[in-house]
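Open the model in your viewer and get ready to select residues by number. We will go stop by stop.

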Amino acid sequence: MAPSRKAIPPVGTITRGTTGVNRLRRSDRWLVNDDLVSTTLREATHPLAVDLGYGAAPWTTFELAARLRTVRPDLEVVGLEIDPARVVEPRDGVRFARGGFELAGLRPTLVRAFNVLRQYPEEAVPEAWSRIQENLAPDGLLVDGTCDELGRRCAWVLLDRHHPLSLTLAWDPFTVDRPSDIAERLPKALIHRNIPGERIHTLLKEADQAWERSAAMAPYGPRTRWREAANMLRANGFPVRTYNRRMRDCVLSVPWDVVAPSHPT
């Protein structure tokens, strides 16, 4: 079991707790295949993943455990909820506890906080990030993300202990008409910044234009069309991440400085 520190009172606010089976599959797939995340898990002495704010039912916590254990079979997984009524008994090698941004005294290798900060004001994000980051293991990572109710539109920020590293958008190729449709599910740090003059607005506008210019590839399917659009973005100077494997989802991932707010809160 991973080492922990003295328990302190939970930090945060009880939120709606909406959840659903397989809702976070797109971010889970990305985590398992991301080089930094998988390497961090493999090299950890006491690998621990925390699912922070799993909601009214822990389905997505069990799914996270099953998927991450394909990378590190001995991974310990803990689900944390600030609402004590949502804390359930251990099952399938996953345990649950009451906790918030202080992480219940744990020092996790990876924290996933999905659809948590979306329900907070924008100005609360830096403090929440900082509180989680200071409680990570030395090489720990945080994923702060948001998705729709069926998990078809997702967006998340990957952070280390010191700063945000990247923004990733992932969507169902067959139910999203254009990249900017993901704007409604941007993480709280960016969702109010999708306005002219902000970097995230520029990226989404350029992504839409590349999508339109790649219309000739539509007969080959939306995944092929998106690959062509992503290549156009790269040609226009956007450092869109290249993936060597075929992606089930349409994915747009860029370094954080490409989308960072012009005037952070």
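**Stop 1: a loop residue**

Select Arg185, which sits in the loop between strand 7 (164-171) and helix 5 (188-191). Helices (H or I, at least four residues) and strands (E, at least two) are DSSP runs, numbered from the N terminus.

Before going on, note that this is a predicted model: local features need pLDDT of at least 70, side-chain atom pairs count only at pLDDT 80 or more, and totals for chains, interfaces and linings use all residues. Residues are numbered from 1 along each chain as its sequence is written, and side-chain values use heavy atoms, with hydrogens and water left out.

Is Arg185 buried or exposed? Its relative accessibility is 12%, so Arg185 counts as buried. Buried means under 20% relative accessible area, exposed over 50%, and partly exposed in between (1.4 Å probe, protein chains only). Now show what surrounds Arg185. Leaving aside neighbours within four places in sequence, Arg185 is in contact with Arg118, Thr146, Cys147, Asp148, Glu149, Arg153 and Ala155. Contact means heavy atoms within 4.5 Å.

**Stop 2: another loop**

Select Leu150, in the loop between strand 5 (141-147) and strand 6 (153-159). Leu150 has 54% relative accessibility, so it counts as exposed. Which residues does Leu150 contact, leaving aside its neighbours within four places in sequence? They are Arg23 and Arg25. Leu150 and Arg25 are 125 residues apart in sequence, but 9.9 Å apart in space, C-alpha to C-alpha.

**Stop 3: helix 1 and its partners**

Arg25 leads us on. Select helix 1 (residues 25-33) and helix 3 (residues 59-68): their axes come within 10 Å and cross at roughly 25°. Axes are lines fitted to C-alpha atoms, for helices over the stretch in contact, and angles run from 0 to 180 degrees between N-to-C directions. Helix 1 and helix 3 are therefore roughly parallel. Angles under 35 degrees count as roughly parallel, over 145 as roughly antiparallel, 65 to 115 as roughly perpendicular and the rest as oblique.

Color the contact residues. Helix 1 brings Arg25, Asp28, Leu31 and Val32, while helix 3 brings Glu63, Leu64, Arg67 and Leu68. They divide into four nonpolar, no polar and four charged. Here Ala, Val, Leu, Ile, Met, Phe, Trp, Tyr, Cys and Pro count as nonpolar, Asp, Glu, Lys and Arg as charged, and the others, Gly among them, as polar.

The axes of helix 1 and helix 2 come within 5 Å and cross at roughly 65°. These two helices are therefore roughly perpendicular. Trp30, Leu31, Val32 and Asn33 of helix 1 meet Asp35, Val37 and Ser38 of helix 2.

**Stop 4: helices 6 and 7**

Move to helix 6 and helix 7 (residues 222-235). They pack at an angle of about 125°, with axes 8 Å apart. That makes helix 6 oblique to helix 7. Among the residues that meet are Ala207 of helix 6 and Trp226 of helix 7. By class, this contact has eight nonpolar, no polar and four charged residues.

**Last stop: the cores**

Select Trp226 and Leu252: they have the most contacts inside the largest nonpolar core, which has 52 residues. Such a core is a set of buried Ala, Val, Leu, Ile, Met, Phe, Trp, Tyr and Cys residues joined through side-chain atoms within 4.5 Å. Helix 6 (residues 199-213) gives the most to this core, with six residues. A second, separate core of 29 residues includes Ala65, Phe96, Cys147 and Val251.
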